[in-house]
Amino acid sequence: MFGSHARNGTAIDAVAAAQRCGAMAADRSAVVAARSVWATVHGLATLHPSGGPAKLGLDDTPERLATETLGTLLRLPPPASPGDVTGTPDPH
């Protein structure tokens, strides 16, 4: 479980840095935002092996679900093309 700064300081520090440079919303504390990122990734990773995303109607690849979910959380621009999970333009 996500706990203290001593155990999760790297994640909290990374979120704080992203907030300072404007890559991530700063309307929540870095601890709350890091916990939200952790919970999102943990939830997707936990659901995937059991086929949970498809059972919930989220029938996309794990990479796409993670990209869209974290992109929304981090306020990243959407991928350039439907098949692109990196957020970079498709050269083809």
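The model is predicted, and every value reported below was computed from it.

The secondary structure of the chain consists of four helices and zero strands. Read from the N terminus, the order of elements is α-α-α-α. The chain has 92 residues, of which 24% are buried. Of the contacts between residues at least 6 apart in sequence, 29% link residues at least 24 apart.

The largest nonpolar core comprises eight residues, namely Ile12, Val15, Ala16, Ala18, Met24, Ala30, Ala33 and Ala34. At least two residues of this core come from each of helix H1 (5-20) and helix H2 (30-47). The greatest contribution is that of H1, which provides four residues.

Several residues in this region were examined individually. Alanine 30, a member of the core, touches Ile12, Val15, Ala16 and Gln19 when residues up to four places away in sequence are not counted. Alanine 33, another core member, is located in helix H2. With a relative accessible area of 8%, alanine 33 falls under the 20% cut-off and is therefore classed as buried. Once neighbours within four places in sequence are set aside, the contacts of alanine 33 are Val15, Gln19 and Met24. Alanine 33 and valine 15 are 18 residues apart along the chain, and a distance of 7.0 Å separates their C-alpha atoms.

Glutamine 19 is contacted by both of these alanines. This glutamine belongs to helix H1 and is buried, its relative accessible area being 13%. With neighbours within four places in sequence left aside, glutamine 19 is in contact with Met24, Ala25, Ala26, Arg28, Ser29, Ala30 and Ala33. Among these partners, Met24, Ala30 and Ala33 are listed in the nonpolar core.

A further packing arrangement involves helices H2 and H4. Their axes lie 11 Å apart, and the two helices pack at an angle of about 165°. Because angles over 145 degrees count as roughly antiparallel, H2 and H4 are assigned to that category. The crossing in which H2 passes H4 is right-handed. On the H2 side, the contact is made by Ser36, Val37, Thr40, Val41 and Leu44. On the H4 side, the residues concerned are Leu65, Ala66, Thr69, Leu70, Leu73 and Leu74.

Charged side chains were considered next. Side chains of opposite charge can pair when their charged atoms come close. The count for the model comes to one salt bridge. This salt bridge is formed by arginine 64 and glutamate 68, whose closest N and O atoms are 3.0 Å apart. Both residues lie in helix H4 (residues 62-74); they are four residues apart, so about one helical turn separates them. Arginine 64 has a relative accessible area of 12% and is buried, whereas glutamate 68, at 35% relative accessibility, is partly exposed.

Conventions. Residues are numbered from 1 along each chain as its sequence is written. This is a predicted model: local features need pLDDT of at least 70, side-chain atom pairs count only at pLDDT 80 or more; totals for chains, interfaces and linings use all residues. Side-chain values use heavy atoms; hydrogens and water are left out. A nonpolar core is a set of buried Ala, Val, Leu, Ile, Met, Phe, Trp, Tyr and Cys residues joined through side-chain atoms within 4.5 Å. Buried means under 20% relative accessible area, exposed over 50%, partly exposed in between (1.4 Å probe, protein chains only). Contact means heavy atoms within 4.5 Å. A salt bridge is a side-chain nitrogen of Lys or Arg within 4 Å of a carboxyl oxygen of Asp or Glu. Axes are lines fitted to C-alpha atoms, for helices over the stretch in contact, and angles run from 0 to 180 degrees between N-to-C directions. Angles under 35 degrees count as roughly parallel, over 145 as roughly antiparallel, 65 to 115 as roughly perpendicular and the rest as oblique. A crossing is left-handed if the near helix is turned anticlockwise from the far one by less than a right angle, and right-handed if clockwise.
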